[in-house]
Amino acid sequence: MVGLKIEDVKGFTSKLFVKEDFDLFLVKEVQIVTFNSFSIDGHIRKGYFSEEELEEIGDEGFAPWKLLRPVCFGLIKGKRLPGSFHIVLQLPASQVKRFASGNGVEAGQIQGMYLNIRYEDGALYCITGLSLGFFTLDKTLEDLWDRSAEEFLRKRGIACLRE
């Protein structure tokens, strides 16, 4: 796990809420505080969608950021900055599989790869997280995910500092 302080908050939030830079992620949860406190549970309610829509969305149990991004943007846009927001994004299974195979690990051993985005008091941080299905003191996979997340941000022109 590593904390990355985002240097350009406005640029990052534009890429997060307006552009498609984070659309490959799934949403575990969202909490946004503006004039009220809004909480979104990222679990998909399958009965709401048609079979065709579910095929398009994917069957991973969580909504893709692409689907929730406009909703979240609607909550924060306006003349005032939000008081805070916290978004937990998860890498989809296809990307976990790709990461695992590229690093000599079985994808089934990785339960989740996360990017926690937290904005509070004018500062924005991305905190990586990795959940494994086994106990190990070896932090190699965690370090690889940390570096991959940093690289993901840098490739999108997002400057960040390790904290």
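Colleague: Which residue forms a salt bridge with Asp23?

Modeller: This is a predicted model, in which local features need pLDDT of at least 70 and side-chain atom pairs count only at pLDDT 80 or more, while totals for chains, interfaces and linings use all residues. Residues are numbered from 1 along each chain as its sequence is written, and side-chain values use heavy atoms, with hydrogens and water left out. A salt bridge here is a side-chain nitrogen of Lys or Arg within 4 Å of a carboxyl oxygen of Asp or Glu. With closest N and O atoms 2.8 Å apart, the partner of Asp23 is Arg69.

Colleague: How many residues apart in sequence are the parts that this pair ties together?

Modeller: Asp23 lies in the loop between helix H1 (9-17) and strand S2 (26-33), whereas Arg69 belongs to helix H3 (residues 65-76); helices (H or I, at least four residues) and strands (E, at least two) are DSSP runs, numbered from the N terminus. The pair therefore ties together parts whose separation in sequence is 46 residues.

Colleague: Is Glu150 buried or exposed?

Modeller: Buried means under 20% relative accessible area, exposed over 50%, and partly exposed in between (1.4 Å probe, protein chains only). Because Glu150 has 9% relative accessibility, Glu150 counts as buried.

Colleague: Which residues are linked with Glu150 in a network of salt bridges?

Modeller: The side chains of Glu150 and Arg154 meet in a salt bridge at 3.3 Å, N to O, and both residues lie in helix H5 (residues 140-155), four residues apart, about one turn of the helix. The network links Glu150 with Arg154 and Arg162.
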